[in-house]
Amino acid sequence: MSGMSTYRKVLFILSIIFLVFAVLYLGIGIMALMVGTSDSISEAELAQIAAASSTDARTALKIVAAVMIAYGAWEALVAILGIRGAKNPRKMGLVTIIYGIEAAVVIFGLAMALFTRSFTTSQFQGIVPVVAFFICMAIRREAHKA
């Protein structure tokens, strides 16, 4: 990591953290899918846990598992692109676009929460893609200066 600018180091570390979370999301999604499709939990236990019929609970668990797996795969892709961009600033295009889209969605969500007066402080955790977008823009500026 020597020879890297501060922005590139921050993006590299942030991408490693995202990669760890992606692996966790994938693991949780796979485990949820295994529980949702296995017969190891009885129908009565599953219905009691979910406070719904067992069919509804299994279907909901499968949907949650699919979403977790898809989100984990997405985060892994973004993390790998971030690591690639941190190592070679000329390859920052796609990761900058992805973080730009994520940042726009986060800002839109925060604005909607403010307008509907349903804003909570936990929504600030979504600010990370906004910060990552500005870091990517700074790295791109550095790359174009060199």
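**View 1. The packing of helix 1 against helix 5 in the predicted model.** Helix 1, which covers residues 6-37, packs with helix 5, which covers residues 128-145, at an angle of about 140°, and the axes of these two helices lie 9 Å apart. Angles over 145 degrees would count as roughly antiparallel and those from 65 to 115 as roughly perpendicular, and helix 1 and helix 5 are therefore oblique to each other. The crossing that helix 1 and helix 5 form is left-handed.

**View 2. The residues that meet between helix 1 and helix 5.** On the side of helix 1, the residues in this contact are Tyr 7, Arg 8, Val 10, Leu 11, Leu 14 and Phe 18, and they meet Val 128, Ala 132, Ile 135, Cys 136, Ala 138, Ile 139 and Glu 142 of helix 5. Sorted by class, the contact of helix 1 with helix 5 is made up of 11 nonpolar residues and two charged residues, with no polar ones.

**View 3. Lys 9 in helix 1 and Ala 86.** Lys 9 belongs to helix 1, and because its relative accessibility is 32%, Lys 9 counts as partly exposed. Although Lys 9 and Ala 86 are 77 residues apart along the chain, their C-alpha atoms are separated by 7.0 Å.

**View 4. Helix 5 and its buried residues.** Helix 5 has 18 residues and spans 26 Å from its first C-alpha to its last, which is close to the 26 Å expected at 1.5 Å a residue. Its buried residues include Pro 129, Val 130, Ala 132 and Ile 135, and also Cys 136, Ala 138, Ile 139 and Ala 143. Among the elements that cover the buried residues of helix 5 are helix 1 and helix 4, the latter covering residues 93-115.

**View 5. Helix 4 and the residue Arg 117 that comes after it.** With 23 residues, helix 4 reaches 33 Å from its first C-alpha to its last, close to the 33 Å expected at 1.5 Å a residue. The buried residues of helix 4 are Val 95, Thr 96, Ile 98, Tyr 99, Glu 102, Ala 103, Val 106, Leu 110 and Ala 113. Arg 117, which follows helix 4, has a positive phi near 55°.

**View 6. The helices within the whole protein.** The protein has five helices and zero strands, and its elements run α-α-α-α-α from the N terminus on. Of its 146 residues, 34% count as buried. Among the contacts in the protein with a separation of 6 or more, 70% are accounted for by residues 24 or more positions apart.

Conventions
Residues are numbered from 1 along each chain as its sequence is written. This is a predicted model: local features need pLDDT of at least 70, side-chain atom pairs count only at pLDDT 80 or more; totals for chains, interfaces and linings use all residues. Side-chain values use heavy atoms; hydrogens and water are left out. Axes are lines fitted to C-alpha atoms, for helices over the stretch in contact, and angles run from 0 to 180 degrees between N-to-C directions. Helices (H or I, at least four residues) and strands (E, at least two) are DSSP runs, numbered from the N terminus. Angles under 35 degrees count as roughly parallel, over 145 as roughly antiparallel, 65 to 115 as roughly perpendicular and the rest as oblique. A crossing is left-handed if the near helix is turned anticlockwise from the far one by less than a right angle, and right-handed if clockwise. Contact means heavy atoms within 4.5 Å. Ala, Val, Leu, Ile, Met, Phe, Trp, Tyr, Cys and Pro count as nonpolar, Asp, Glu, Lys and Arg as charged, and the others, Gly among them, as polar. Buried means under 20% relative accessible area, exposed over 50%, partly exposed in between (1.4 Å probe, protein chains only). The expected span of a helix is 1.5 Å times one less than its number of residues.
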